[in-house]
Amino acid sequence: MIKELDKDFTNLNEYISQINPSKIFILVDENTHNHCLPILLPNLETDAPFEVIEIEAGEENKNIETATQLWEIFSEMEADRKSLLINLGGGVITDLGGFVASTYKRGFKFINVPTTLLSMCDASIGGKTGIDHQYLKNIIGTFALPEAIFFYPKFLETLKFEELRSGFAEMLKHGLIADSNHWNGLSSLFKITPEDIAPFINRSMEIKNEVVTKDFKEENVRKILNFGHTIGHAVESLFLKKGDLIPHGEAVALGMICETHLALLCGLIDVEVSSAIISKIQRFFPYIDISEFKNGAIIDLMFNDKKNQDGNINFSLINGIGSCLFDQKLSAEQIILALDFYKNINSN
C-alpha cells in the first residue's frame, strides 16, 4: 500500500489503529529528528507505547555495527513480533530499518515514511532491505516488504538541493526504462525544485511498484531497475572506500551516461538517441572526476554485484526511451570503452 499522507496524518493513524501494535519504534537520523519528527509526532495518535531511536546520518553508518546496535536496543526494550517500526527518513533509514526489522525475531512489521526524493521514488519501495559491508553497497540484506508506505511531499522542502537532485536521477531512470512521457516531462524541466518535481512523484513511485509487483525476487524484469547502477554502484563504492562519499543519484547519473553509451555500442540505440539522453543528464548533474580510479578496479567491483551469475557481468540496457532489456552480458573491453568515454566526456 502506497499512500500520500493526508491532512493531520489521519490515514496513518487509522492504519496503526487497525494493526494494533504492541509497541512502536520510530527510527530517525539526526536530520529527520530535527526536521521531520516535529511534523510527525504532533499528528501521531496512538495508545501504543512508542520510542524514538536516533542514529547518525550517512551511508557510512549503514553497516553491521549499526544494525547490531539496533538489535540490542530492540532486545533491551522488549520488542516482540507484534511491534511496529516506523522508518522516518531517507534511503539509509528505510534500507537499514527494513533490514533490522525483517531479521529481528525472524521479522516484525515495519512501515516506511520516506522523507527524501530518493527514498520516496526508489529506496522505500520494493522490499529490498540491506546494509553495506566492506565498501560493497547493500551486499547483505533481505527481501521484505513494508506493510505500507506513506509519503509526504512537503518533507522535500527540508532537503538540500544536492539531496533533491540525487533522487531526481532515479526519476529520470524510471522514465528511460519504462515511460517515455515521464522522461520527456522530467527532462524538460528548467530546474529541480520541490514544486516542479511534485507532480511527477506519484508516477515514479507507480513505475517502480509496477515492476516490483511483476518480479519481487528480481529473477527477470525487476532487473531493469538496475539501469545505471552496475557502473554507478561500483564508482560509488570506490568513493566510499576512500572516505569521500558522493550522492547516490550522482553516481547513478554517471552510470546512466556510461550505460547509455554501452547501449549505443551494442546497437540497441542510435547516436541521436544516445546523444540526446546524455546531454539531458549532463544538464542536471555535475561531472564526477573518476580519473584516479583504474578501469580494472571499477570492473573488479562490478563482479561483486549481486545480479551477476556464472562469472558474467550482467547489465540492464535501454533499447529506446521507455524500454529496457535485462541480462545483457558485456565484455570487459566494452565496459572499458564506456568508462573511457565518460572520463573524456568533458573534452568532447
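## Aromatic pairs, a buried helix and a pocket

Start with Phe143: at 35% relative accessibility, this residue counts as partly exposed, because that value falls between the 20% limit for buried and the 50% limit for exposed. Keep in mind that what you are looking at is a predicted model.

Phe143 has an aromatic partner. Phe143 and Phe216 pair edge-to-face, with ring centres 5.5 Å apart and 65° between the planes. The pair ties together distant parts of the chain: Phe143 belongs to strand 7 (residues 136-143), while Phe216 is in the loop between helix 9 and helix 10 (229-241), 73 residues apart. Phe216 is partly exposed as well, with a relative accessible area of 25%.

What else does Phe216 touch, leaving aside its neighbours within four places in sequence? Besides Phe143, the contacts are Gly126, Gly127, Ala144, Leu145 and Arg222. One of these, Gly127, sits 89 residues from Phe216 along the chain, yet their C-alpha atoms are separated by 7.9 Å.

Now for the rest of the aromatics. The structure holds 12 aromatic pairs. Another one is made by Phe9 and Tyr152, again edge-to-face, at 5.1 Å centre to centre and 75° between the planes.

Next, helix 5 (residues 91-103). Is helix 5 enclosed or open? Of its 13 residues, 12 are buried, so the rest of the structure largely encloses it. The buried set runs through Gly91, Val92, Ile93, Thr94, Asp95, Leu96, Gly97, Gly98, Phe99, Val100, Ala101 and Ser102. Asp95 is among them, a residue that counts as charged.

Helix 5 is followed by Lys105, whose phi is positive, near 50°. Lys105 is in the loop between helix 5 and strand 5 (109-114). Asp327 also has a positive phi, near 55°, and is a residue other than glycine; Asp327 lies in strand 10 (residues 323-329). Both are partly exposed, Lys105 with a relative accessible area of 43% and Asp327 with 29%.

Lys173 is found in helix 7, and at 1% relative accessibility it counts as buried. Apart from neighbours within four places in sequence, Lys173 is in contact with Asp122, Leu225, Phe227, His229 and Met256.

The C-alpha atoms of Phe227 and Ser316 are separated by 5.1 Å, though the two residues are 89 apart along the chain.

Here are the accessibilities of several of these residues side by side:

| Residue | Relative accessibility | Class |
|---|---|---|
| Phe143 | 35% | partly exposed |
| Phe216 | 25% | partly exposed |
| Lys105 | 43% | partly exposed |
| Asp327 | 29% | partly exposed |
| Lys173 | 1% | buried |

Last stop: the second largest pocket, which holds about 170 Å³ of space. Its lining counts 13 residues, and those closest to its centre are Met1, Gly126, Leu145, Pro146 and Asn209. Gly126 and Leu145 are also contacts of Phe216. Which element gives the largest share of the lining? Helix 9 (residues 194-214) does, with 3 residues. By type, the lining divides into 9 nonpolar, 3 polar and 1 charged.

Conventions: Residues are numbered from 1 along each chain as its sequence is written. This is a predicted model: local features need pLDDT of at least 70, side-chain atom pairs count only at pLDDT 80 or more; totals for chains, interfaces and linings use all residues. Side-chain values use heavy atoms; hydrogens and water are left out. On a 1 Å grid over the protein atoms alone, a cavity is a set of points where a 1.4 Å probe fits but cannot get out, and a pocket is an open set with protein on both sides within 12 Å along at least five of seven lines; lining residues have an atom within 4 Å of a point. Grid points are joined across faces, edges and corners, and a volume is the space filled by probe spheres set on the points. Helices (H or I, at least four residues) and strands (E, at least two) are DSSP runs, numbered from the N terminus. Rings of Phe, Tyr and Trp (its six-membered ring) pair if their centres lie within 6.5 Å; planes under 30 degrees apart count as stacked, over 60 as edge-to-face and the rest as tilted. Buried means under 20% relative accessible area, exposed over 50%, partly exposed in between (1.4 Å probe, protein chains only). Contact means heavy atoms within 4.5 Å.
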